[in-house]
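Dear colleague,

Please find below the structure that I am handing over to you. My notes on what was found in it follow directly after.

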Amino acid sequence: MSTRTVDAVVVGAGFAGLYALHRLRGLGLDVQVYEAGSDVGGTWYWNRYPGARCDIESIYYSYSFDDDLAREWEWSEKYAAQPEILRYLEHVADRFDLRRDIAFETRVSSLRFDEPTGRWTVTTEDGVQVEATYVVLGVGLLSSANLPDIPGRDDFAGPVLHTGRWPHEPVDFSGLRVGVIGTGSSGIQTIPIVAQQAAHLTVFQRTPNFSLPAHNHTPDPEHIADLKARYPEVREQVRTSSYGILLDPPTQSALEVSEEERIATYRERWAEGTLTGILQAYNDLVRNQESNDTAADFVRERIVELVDDPQTAQDLTPRGYAFGTKRPCLDTGYYATFNREDVELVNLRRTPIERITASGVRTSEAEYPLDMLIFATGYDAMTGPLLALDIVGRGGRSLREAWAEGPRSYLGISVAGFPNLFTVTGPGSPSALSNAVVSIEQHVEWLSDLIAHLRATGRTLVEADEVAEKEWTDHVQAAGNATLYPQTDSWYMGANIPGKPRVFLPYIGGVGAYRAHCDDLAARGYPGLLLR
Ligand code: NAP
């Protein structure tokens, strides 16, 4: 059987893969996309759990590369729900005629670099092989579901669901005793909705999170019209901002203002309902513990106000880590859900799970009979989806070997020893600490410009220089170490996965500064990359 040869293989058909396909096609490349799902959407294809919605305002959590698309698409809510975001991505696929180059229900099982030809051999699980000059990995940051190895996990007799692998058909909770394990963003979004339908809901919480009210609503048409009227300017501001959203950068320390002023600011930000409002009220909240305490205390006080039962309120109150260093959540009615008679919180710090049984969950204190169990237990973030692919680069060295002690990468996009392979929003780029769509666009545009440059200058191979890679990797860690993040057990640190190396995975230098750095490198002929 002859192996087909294409210019580029793109893995994944979510926000990253779709745009990579569009952009590379625009260069005249012959592109093959592989997608495990049966349609486009990526994260928004898999995360169909009730309550799933974005927590960056939809007007910014959407593509900016096409002015007409941005002007014409209307979001029905400030934070659109999963079905609407999926419809948007389906619309993008139709509008730019993307599906014809995507093989759905096709999971890539291995990628091998062949030194003599300088090409990648990409093999799918059903044995199809294709050779490609370039590989773009748009596999997402949060797509390798973490199903923790709790004793007895497979014994449970009822349905077991994971928020990140939700069934396509509607799940009916009526009359059921449902258990949810995990209180990160996914758990916090789904718990209030499940509670409305289930006969009884038991929430198993290991670490309480800081959650802020979304105050979701229909967008104000005048506000949207204004943003759309000045779209190029707004897009530029977003692209050069710290987080990929419109926000005036803070200029003061939390400790420079009076307590009265600080509380008034936090109250205002709380009422606005954004993920970053409070965290970005002052310029040192993620760097200075004392400053951070002021914001953390403010949120803790709100939790106590919202929850009727004093013990439950205490159990829901996060302590012992800095606000923001575990990704905060944005919720609709989360804390008030615990005021319902039919909702119970189990504090696993006090009474750990001993085992899952056929009929429920047993903790050190009690047995909780359940009909359905939902794991909202997150992901092997950032490195998980890349390492799940069996990638072997130059000299037969696998990515798993190269990253055994944690990911090493130049700019979070290119890895030494893996020529012509690009990791969109990979570890070492702003990715997880930004509006992912803005970061995706930046990476895709930068890598496609790089490919265009290679072609224009008659080069066929590009690869990170080892020294530049080490310097960037050290810089990413140093930037992280200057903050409070490394002190917290979070998925940013890989700490949610047993045995995963503890390193700070995203780059905290800011979206705008990172973009400027990447643009400067491009203008200077890509120092740090070996072009052959
Ligand atoms: P997560 O933030 O990692 O939360 C997982 C939860 O499961 C945590 O509460 C964790 O407790 C708990 N858990 C894990 N293993 C456990 C075990 N063995 N026993 C008991 N509890 C366990 O995952 P996520 O909620 O899916 O969110 C991941 C990220 O996806 C978010 O931070 C966000 O970036 C993104 N996301 C965004 C949205 C959105 O609003 N747009 C929605 C969902 C997800 P510990 O904290 O103690 O580990």
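**Findings**

Ser398 is placed in the loop that runs between strand E17 (390–392) and helix H13 (399–402). Please bear in mind throughout that this is a predicted model. With a relative accessible area of 12%, Ser398 is buried, because buried means under 20% relative accessible area. Not counting residues up to four places away in sequence, Ser398 touches Ile391, Val392 and Phe418.

Leu411 is not a glycine, although its phi is positive, at about 65°. Asn420 is likewise not a glycine and has a positive phi, of about 60°. As to accessibility, Leu411 is buried, with a relative accessible area of 0%, and Asn420 counts as buried at 0% relative accessibility.

**The ligand and its surroundings**

The model includes a ligand, which is surrounded by 24 residues. The closest of these are Thr183, Ser186, Arg206, Thr207 and Lys326.

- A polar side-chain atom of Thr207 lies 2.4 Å from an oxygen atom of the ligand.
- For Ser185, a backbone N or O atom is 3.0 Å from an oxygen atom of the ligand.
- For Asp55, a polar side-chain atom is 3.1 Å from an oxygen atom of the ligand.

How much of the ligand does the protein bury? Taken alone, the ligand exposes 910 Å², and the protein buries 88% of that. Among the elements of the chain, helix H5 (residues 185–197) gives the most to the shell around the ligand, with three residues. By residue class, the shell around the ligand consists of nine nonpolar, nine polar and six charged residues.

**The chain as a whole**

There are 16 helices and 20 strands in the chain. Its radius of gyration is 23 Å, close to the 24 Å that the globule rule gives for 532 residues, so the chain is as compact as a globular protein of that length. Along the principal axes, the C-alpha atoms of the chain fill a box of roughly 70 × 55 × 45 Å.

Of the 532 residues in the chain, 59% are buried. The chain exposes about 21,100 Å², and carbon and sulfur atoms supply 48% of that area. Among contacts in the chain with a separation of 6 or more, 72% are between residues 24 or more positions apart.

**Further residues to look at**

Thr357 belongs to strand E13 (residues 353–357). Is this residue buried or exposed? Thr357 counts as buried because its relative accessibility is 13%, and the limit for buried is under 20%. Apart from its neighbours within four places in sequence, Thr357 is in contact with Asp155, Phe156, Arg362 and Glu367.

Ile102 is found in strand E3 (residues 102–103). Its relative accessible area is 9%, so Ile102 is buried. Which residues does Ile102 contact, leaving aside its neighbours within four places in sequence? They are Ala13, Leu18, Leu21, Gln32, Val33, Glu35 and Val40. Ile102 and Ala522 are 420 residues apart along the chain, and their C-alpha atoms are separated by 30 Å.

Asp293 is placed in helix H9 (residues 289–306). At 31% relative accessibility, Asp293 counts as partly exposed, because that class covers values between the 20% limit for buried and the 50% limit for exposed. The C-alpha atoms of Asp293 and Ala254 are separated by 9.7 Å, and these two residues are 39 residues apart along the chain.

**Where to begin**

When you open the model, you might start at the ligand and the residues closest to it, including Thr183 and Lys326.

With kind regards

Conventions: Residues numbered from 1 in each chain as written. Predicted model: local features only at pLDDT ≥ 70, side-chain atom pairs only at ≥ 80, totals over all residues. Heavy atoms only, no water. Near = heavy atom within 4 Å. Polar contact = N/O pair within 3.5 Å; in protein donor to acceptor, adjacent residues only side chain to side chain. Areas by Shrake-Rupley, 256 points an atom, 1.4 Å probe, with all protein chains shown as cover. Helix = DSSP H or I, 4+ residues; strand = E, 2+ residues; numbered from the N terminus. Nonpolar A, V, L, I, M, F, W, Y, C, P; charged D, E, K, R; others polar. Buried < 20%, exposed > 50% of the residue type's maximum accessible area, 1.4 Å probe, protein only. Contact = heavy atoms within 4.5 Å. Rg over C-alpha atoms; globule rule 2.2 N^0.38 Å.
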